[in-house]
Amino acid sequence: MADKKRRRADSDSDSASQPFKNLLKSDAQILQILKSVSSSSSSTSKPLTLADLALSATCREVSDLSLSSVQSTIESLVLQLTHQILSGQGFSFTVPSRSSSNQLYVPELDRIVLKDKSTVRPFSHISSVRKTTITAKILSLVHQLCLKNIHVTKRDLFYTDVKLFQDQVQSDAVLDDVSCILGCTRSSLNVIAAEKGVVVGRLIFSDNGDMIDCTKMGMGGKAIPPNIDRVGDMQSDALFILLVEKDAAYIRLAEDRFYNRFPCIIVTAKGQPDVATRLFLKKMKMELKLPVLALVDSDPYGLKILSVYGCGSKNMSYDSANLTTPDIKWLGIRPSDLDKYKIPEQCRLPMTEQDIKTGKDLLEEDFVKKNPGWVEELNLMVKTKQKAEIQALSSFGFQYLSEVYLPLKLQQQDWL
């Protein structure tokens, strides 16, 4: 009798320290809910493309090109430049503008695309001579990669001429310009970023011919390959993909093997989304036909990160068709969760003036306006001037995220 009372007291104490744990159904019942959600999201209908729409504005998109196509396009461009010089017109590049004014959000596609405005980058003008030189240098380096059929990192590219580039930000920006000029994806140039994103959970895929089982990669998971063309043969019995903003939350879920309790694939770019992680997520979504649920911080930057995965970044709007993953759901941490889950005041942070400005700017974005739930949550965030990180849930216990918060969210299908 004494043992029974002690167990009941322990249970009551546990419920008090871990709010809403008593509302959880059994894992079997939650799995049944997830199976119905997963089956309803596995649509076989062909996604809309820019070509399917009769838009009033002319837009441009790049496509995947073979190395031989990239090589011949560069050679054709050089011939055009030679004719310009010989005919006395001078030496200049016509570069598609990637400015905000030349971008358009297309609601039917739920992503940002690039319009058709271009700018001229002449060698003869003092304000653009250096950038024109950098453009010619990058084209020359990419041509070498095509001839040798090898990949290099953006850092490798920068170190070929540090005095000319001065800063990697400049060589990276011109690399995107070159993609636009040639009409190809950045991955078609054989220039990659260093490995950043990781994946763990119920996924098997081939990486350059080697089969990788992501349930057997330890707590750290498998680094996402920087060149997506070597990834194939994806297989999974997962019910959803969990996209996590922060490395700390990812490690918690990986160590708890959350993906075994609730079959899923967990992926993170450890902060700002990189191209490889965006491409990998898109490939998983399209091939496995699984819903994608996002776990980000409750602040404007968490929502911006989610929107980059879903709608694209303005910086790379020219390649949004390849880099965006449609219909990502905002699972948490949402501003309304702070009161709903009784996040302690000491775990909430006051928003800075810049945070508030960023939140208000997001409210003006078309991709936010399209989702009334997002608007409501952002308005609440700006009104309360409070933000919180995913780790705020650790105030209820280090495993509250994996043992209570996420299972309850899944049980209630509480996503936007």
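Residues are numbered from 1 along each chain as its sequence is written, and side-chain values use heavy atoms, with hydrogens and water left out. Since this is a predicted model, local features need pLDDT of at least 70 and side-chain atom pairs count only at pLDDT 80 or more, while totals for chains, interfaces and linings use all residues.

Start with the annotated pair. An unreviewed UniProt entry lists E245 and D297 under "binding site"; such annotations may be inferred rather than shown by experiment. E245 is found in the loop between β13 (240-244) and α8 (247-255), with helices (H or I, at least four residues) and strands (E, at least two) taken as DSSP runs numbered from the N terminus. D297, for its part, lies in the loop between β15 (292-295) and α11 (300-311).

Both count as buried (under 20% relative accessible area, 1.4 Å probe, protein chains only): E245 comes in at 7% and D297 at 2%. Leaving aside residues up to four places away in sequence, E245 touches D297, T268 and K270, among others, where contact means heavy atoms within 4.5 Å. With the same exclusion, the partners of D297 include E245, K246 and E389.

Then there is α17 (residues 400-412), mostly covered, with 11 of its 13 residues buried. Among the buried ones are Y400, Y405 and K409.

Notes
Buried < 20%, exposed > 50% of the residue type's maximum accessible area, 1.4 Å probe, protein only.
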